[in-house]
Amino acid sequence: MATAEIDVPREGLPTLADANRDISRPISTPYGRYWILLGICGALIAAAGVAWTIQIRDGMGVAGINNPVNWGVYIVTFVFWVGIAHSGTLISAVLYLVRSGWRTTINRTAEAMTIFAVMTAGLFPLIHLGRVWYFYYLVPYPSTRLLWPNFRSPLVWDMFAIGTYFTISLVFWYLGLIPDLAVLRDRFTGIKKRLYGAFSLGWQGTVRDWSHYRRLYLYLAGIATPLVLSVHSVVSWDFAMGIVPGWHSTIFAPYFVAGAIFSGIAMVITITIPLRWAFGLEKYVTTYHFDNMAKLLLLTSLIVGYAYGMEYFLAWFSADPIEQESFRWRATGFYAGPFWIMVFCNVVVPMSLWFKRTRNSLKALFVISVLVNIGMWYERFVIIVTSLAHEYDPSAWQVYTPSLTELTIMVGSFAWFFFWFLLFAKTLPTISIAEVKEHLAHEHEHGNGH
Amino acid sequence: MNDGGVRHDGSGAAGPEPTGDGATRREFLKVLGVAGAGAAATACGPPDAGDKLISYLIPPEDIIPGTNVTYATVLTGAGPEPLGVHATVRDGRVIKLEGNPDSPNVGRLSALAHSALQDLYDPDRVPGPRRRTEAGLVEASWDEAIAATAAAVAAGRTVLLTPPVVGSAARFYQEWAEAVGARWVAWEPLGLEAQRTAQRIAFDRDEIPTYALERADRVVCFGADFLGTWLGPVELAGRFVSGRFVDHGVQAKYTFVGPRLSLSGLKADEWLPARTGSETLVALATAREVARRKADGRAARVEATLAPFTPEAVEEASGITAERIRDLAREIAGARSPLALPPGIAGQGVGATDAHLAVALLNYVSGAHGDTVRFDGATIRGRHVPYAAMAGLVRRMGAGEVETLIVAGSNPAYSMPASSGFAEALAAVPNVISLNPHLDETATAAGWVLPSHHELEAWGDALVRPGYMAIAQPVMQPVFDTRQREDVLLQMAAAAGSDAFDVEDYRSYFESVWRELHGRMYGAGPSFEEWWHENLSRGGGAVGPGFPSDPAPSLTAAAANYRFAAPGGEGDDLTLVTYPTVQFYDGRGANRPWMQEFPDAVTKAVWNAWVEIHPDTAEPLGVETGDLVEVRTEAGSVTAPAYVYRGIRVDTVAVPLGQGHTAYGRTAEGRGVNALHLLDGSADERSGALAFSGAAVTLTATGRSGKLVVMQGHDYDEDREISEIIHFDDAMAAVREHHVDLTALVEAAYDSDPQSPYRWGMTIDLNACTGCGACVTACYAENNLPVVGEDLCDQGREMSWMQIMRYFEEAEEGFQTVHFPTLCQQCGDAPCEPVCPVYAAYHTAEGLNGQIYNRCVGTRYCANNCPYKVRRFNWFTYERPYPLNLQLNPDVTVRSKGVMEKCTFCVQRINRAKLDAKAEGRLVADGEIQTACMQSCPTQAIVFGNLKDPASRVSRIAKGSRGYRMLDELNTRPAVTYLKSVTHAALPAGGHGPGDAHGATESEPAEHGAAAEHE
Amino acid sequence: MSGILAQFETLGATRQAIERLRAEGHSELDVFSPIPAPELEEALGIVASPVGRWALIGGATGFLTAVALTGLTALAYPLVTQGKPILSWPAYFIIMFEMTILFTGLFGFLGVLHHTRRPGRLSAHYRPTFSVDRFGVFVRAAAGSDQRDVEALLRSTGAVEVEVSA
């Protein structure tokens, strides 16, 4: 595992016992604020639930979508959350493979985020279904009349990709948690002890156990990396496989993956900053980590910006007037607003990260990451809605504005995400204790070694 | 067309003609059975078929469960012309109307005629006799109703007000009036009195001539909406298009003269935007020039009369340059068979008779008179009193000289301008008796409401062309507790003590009339019974020779020396044009959901009335489409959303008729505005015809924006291979060097299972399509399409499987219009299919894009991926209030919320035909299957058939020189081939549309208009 | 069973102890560690974990399952869409890819559970400190002289705590 690059301030270096204590402190002491936040999330989720119920009762008409814009906020938010889900596994797996030690203190949070984001994203394909009570038609099960789903449909690919991604991320996350659960088991007594004990599967950390553990961790990192890339590629094909001008493009897979990492990192920053402050983890999550994430943010922002430019280049280069008109309208038509918000948040704002001062100012980083999240939501809106609203047959051109139902459900999805995240922050170590201790151990052993 | 069900004449399933020869006594008795039930079912309420699947242990002969039975009958109330129909009856209820091939409409129907079903099943019909009390309308029994009304009639000074009728009913009303000492007044709001008057003056003949458009090679129309609402649009549209059959080398050049491009105007190759009311001058000036060139005997007779009307003289008043008039005259004079059509309703001003006379003179000098305008096969339309006479009636009513007014099938309280004071006068009439089926504006003022049968529930007949009488027979039991109108009158007369009629009901009355006709014709010939049965099963029969008359009666001296008003100067104020639309006509369509949701052929607006103004008029007012504007005349004012339209003169404002009902039913009430409120009731002094146009108006922007739902996102196809139009010469060149290989298959034919003998395909001739929308409504009727209402239309959630896009194409001068019917293209390489996760969308063995409603989960991906945007999603579950649901076609699933649906070429008809063919061990024959849209099309623009048969009609047409496929570059391999529209107008090199992409934003159409209006 | 459990505070000490014990011929060692420690694996001479084989088998299973699922269902329910062949392998490959990864991960996890015999109860020699910062070494040794030598050895290598279980 990574050792050399580890950079924890030398003096006041915590002991392994400190790590145990500090990292699991939030679990033992409850905060008043916490319950308020949890309550707010619960309320918003309930509101969304009501909205969805009404939609199921009355029909999709309560949403603002129409013909030709058959997909709206639901699919936009779906893609947004799938995007968010990408940072976690990326940080855990890819950075693990390339031995960037700085991931250690953030990968647990990132992975949790991934899982909750997928759980959120997964709701939307159901919510947007005209007859959700028949959702199981998509599942390949042996029905009495031997009807099967159509494996040529990108939507079915989606189901498999996201299902796999969720499962593998969960395994990956849980594997990382096992030693920490053991720590908690040994810290607590009574019901907590039994609970954590059960989930730790009786982990006792013999060296032999560790060897199996490390080996699987490596393999999971290995397969999770192509998986990350595949998932958002598949999601992008929901559109790229379509004939719609503005969708039908070969750059979509890399374009979407970059965007996903971009938004994912932004979300990690958005969450880690308040978390670190609330749980007093400054000792473990330092500006050094944020600086690295900021650099990653900058890099992906450049890729995304390049993709935006490339879309326009391709439209021009294709010499297809319909494609060209579609993109001209995207920037100047009814949806010019969202388009320029997207450009500003995703391309202009992150440029400030060229400066170390910005990267090291948590306030600035927080604001930027929030803006990027907004920008990325609009990116999906622009791609999906503007393309559909301005298609081949001019007489069918029609614009779309989201309805209250759609917005309620979208807000509810954020509440749902943070609800799970709050539960996680309260019940599980938000930083991988084992990994932190590993580094500290090596520091103590031969700290002067480099 | 018949679905291959049991034919009423029992002649079996063979042959495309649903009815005809060999009616037997048994067949006839079936009809009587139905009729008897109709007459006897006094308190039956809904028909049995309505609430039970199969309602009889032993079903009556004429109801074979699950099988369509077809009855021939005729609709006289479905627009300007009587239309012979075949009513498809399923399990005792009529579910579809299709044209009767034996009638002048040769098997075609109009949108309004299709919607007669929604009139029959209108939940707002009066369910039974009602009496008005202080407490409002209360139920009454027929007996007391008859007794009470008979007493009123017996009291004398009775007026019977009906629409114009031809056939036995005319005679009956006359005799009835005499019997009870009443006065019979027949009135028609959109009448032909001006033309009759002009005809009488010109040729001393007052019947309406036939217009042989099919023979004409040069057509000029002075305002008549002959493809939409004038005289006989279904018949005339057919004739017109056969005169423009490019592939046979003919295309009559067609010029439209008038201030506003109507549905008919949009088809014109050339538009002479004459100022409102100046059509007369243009016609006279043209006639003068033609006469000068012809210099024959006819010319000589009218030379003097026409002399003052030089093109220069009329230039200023008409706004048409002398040069253009000369060009027009030159072409008319040079034409083999020119034809000038008179002004219609929209062109009917205070000088209406003069206008008609002027056109008559033009036809006279051009040689059209007696050639393309013929009096030997005159068009039969019922006679009626002019508006002026109605005004007289109003005066007498007001003066209390009318004791009892019986309104039977007419709604003057709505269709008389408010300025006429009819409503007030009506209140002064002690006994008002309504025999209308609805609680319309007139019936709501009536003391007695005795609802009458719908046409489809009643007996009757109508003279539809000289010597040919169509028969109307009841095709089902009455939906409500109603009675045949004439029966009610008979019973009144009897109760009033008259013994003039020795018949027990009207059916036997008019059968006796037929006996008489038969006697007169054949004497001892074939027995009446046989003759009658045959006519009944065919829907009518010959009742005598045509008019034994001269096709070209000579011009009277009066006409030859007629004094036309001298050309005036230019008036600078805005003038008003009000016009009927195909969907509402005189307002009768307003309570039919299909008609409210019918996108107007010109504006594509739905569920409303609007004010058409020119961009240059709108711009200074800061008005855009949808903004509320107030139109004010001396008579009154209306406030409605504006529609900015380049097809109207800068100094003209147009408002459609037929909306703004205050009664009549849930769908009609409070929709739009009634343009009649703008008319001051001034009439043409010669004929007494109401002036529908010419009033001076002031137009003010209210600053408020209203709601006008326009079902057309953008007016230009932006050169995208969608609506194609080419110049006549190019078309002819292509036709000449193009050879159709009868052995070659159309490309799309390969897109079905190689084992299958079929690949269904369609061709749509854009040159023939007039945008009348009959196909759209036929589709609603055949495929159980729901009506979604104004708001959902506004959100782009209309459910029409077939839509007619209206695309403007730039021409060197002004613009051309292409009506572009879109429906599912049944692509061979369909983008919609592979994206469905559950195979709800798939490709059938016969090349259709199947859609499995039960399997659909509603991802809507298919709709996103359809480049033609013809898939429709059920955003809600749409209700049909009883008894509208009785019209549902049992062969087609009724879809519920969350399901995607679309056109599948009436697959239920395909399957039915295949079953029939299989039973007879053969393949489906070419032409055996007609989709609902194809069946209905008055111009036969749509042809459906099997592309795997290289010689089938559809294959041959698809291989024609004008064929192309929508958005072909996408390689979706559509099964629908469009034939390019053809025009005589010079087109810019570029072809269509203002090519620059800037044409393509939401707000632009108005700018287009402004940019392109440089006449 | 009889043996000696020693606790160490540092990796180095633990490693030293292990090496010397193995030199003395004590190969039956249970070593507990609060952190993943490659050094100790090395010292114990642990060869590569067989978990990899589990993953490989899983991957193969997943791939073949997907081939069967997509191919057979397409043949069982053969509907044409957009003129594509009934067996549209390029499209189906995406399913195969995902299923491969899914099964690899799941089988790998099962592998770990199998080889670590988890879930299961804690060994008698486990001490809660092992999840904090202590390393534990348990040596099987019969009571008597042998036991004494071992204890001496452990203490000399810096064991902070030694328990003898008879």
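Student: Is B:Gln887 buried or exposed, and what is its relative accessible area?

Tutor: In this predicted model, B:Gln887 counts as buried because its relative accessible area is 6%. The term buried means under 20% relative accessible area, exposed means over 50%, and partly exposed lies in between (1.4 Å probe, protein chains only). As for conventions, residues are numbered from 1 along each chain as its sequence is written, while chains are lettered from A and ligands numbered from 1 in the order in which they are written. Local features need pLDDT of at least 70 and side-chain atom pairs count only at pLDDT 80 or more, whereas totals for chains, interfaces and linings use all residues, and side-chain values use heavy atoms, with hydrogens and water left out.

Student: Where is B:Gln887 found in chain B?

Tutor: Look in the loop between strand 35 (872–873) and strand 36 (900–901) of chain B. Helices (H or I, at least four residues) and strands (E, at least two) are DSSP runs, numbered from the N terminus.

Student: Which residues is B:Gln887 in contact with, leaving aside its neighbours within four places in sequence?

Tutor: Contact means heavy atoms within 4.5 Å. With those neighbours within four places left out, B:Gln887 is in contact with B:Arg93, B:Val94, B:Ile95, B:Leu117, B:Tyr121, B:Trp594 and B:Ala781.

Student: Let's turn to charges. How many salt bridges does the structure hold over all chains?

Tutor: Side chains of opposite charge can pair when their charged atoms come close. Here a salt bridge is a side-chain nitrogen of Lys or Arg within 4 Å of a carboxyl oxygen of Asp or Glu. Over all chains, the structure holds 80 of them. One is between B:Glu612 and B:Arg260, whose closest N and O atoms are 2.5 Å apart. That pair links distant parts of the chain, 352 residues apart: B:Glu612 is in strand 23 (residues 611–613) of chain B, and B:Arg260 is in the loop between strand 11 (253–257) and strand 12 (270–272) of chain B. Both B:Glu612 and B:Arg260 are buried.

Student: And which side chain meets B:Lys914 in a salt bridge?

Tutor: The side chain of B:Glu846 does, at 2.5 Å from N to O. This pair, too, links distant parts of the chain, 68 residues apart, with B:Lys914 in helix 27 (residues 907–919) of chain B and B:Glu846 in the loop between strand 33 (841–843) and strand 34 (849–851) of chain B. B:Lys914 is partly exposed, since its relative accessible area is 25%, but B:Glu846 counts as buried at 13% relative accessibility.

Student: What area do chain A and chain B bury between them?

Tutor: The size of an interface is often given as the accessible area lost when the parts come together. Buried area is the accessible area (1.4 Å probe) that two parts lose on being put together, summed over both. Chain A and chain B bury about 4600 Å², 54% of it on carbon and sulfur atoms. Of the area that chain A buries against chain B, 14% is supplied by A:Asn67, A:Arg131 and A:Ser395, more than any other three residues. In terms of contact, 56 residues of chain A meet 58 residues of chain B.

Student: How many salt bridges are counted between chain A and chain B?

Tutor: The count is one. B:Lys869 forms a salt bridge with A:Glu391, the closest N and O atoms being 2.9 Å apart.

Student: How does chain B meet chain C, and how many residues of each are in contact?

Tutor: Ten residues of chain B are in contact with seven of chain C. About 780 Å² is buried between these chains, and carbon and sulfur atoms give 61% of this area. B:Asp829, B:Pro834 and B:Tyr839 supply 56% of the area that chain B buries against chain C, more than any other three residues. The count of salt bridges between chain B and chain C is zero.
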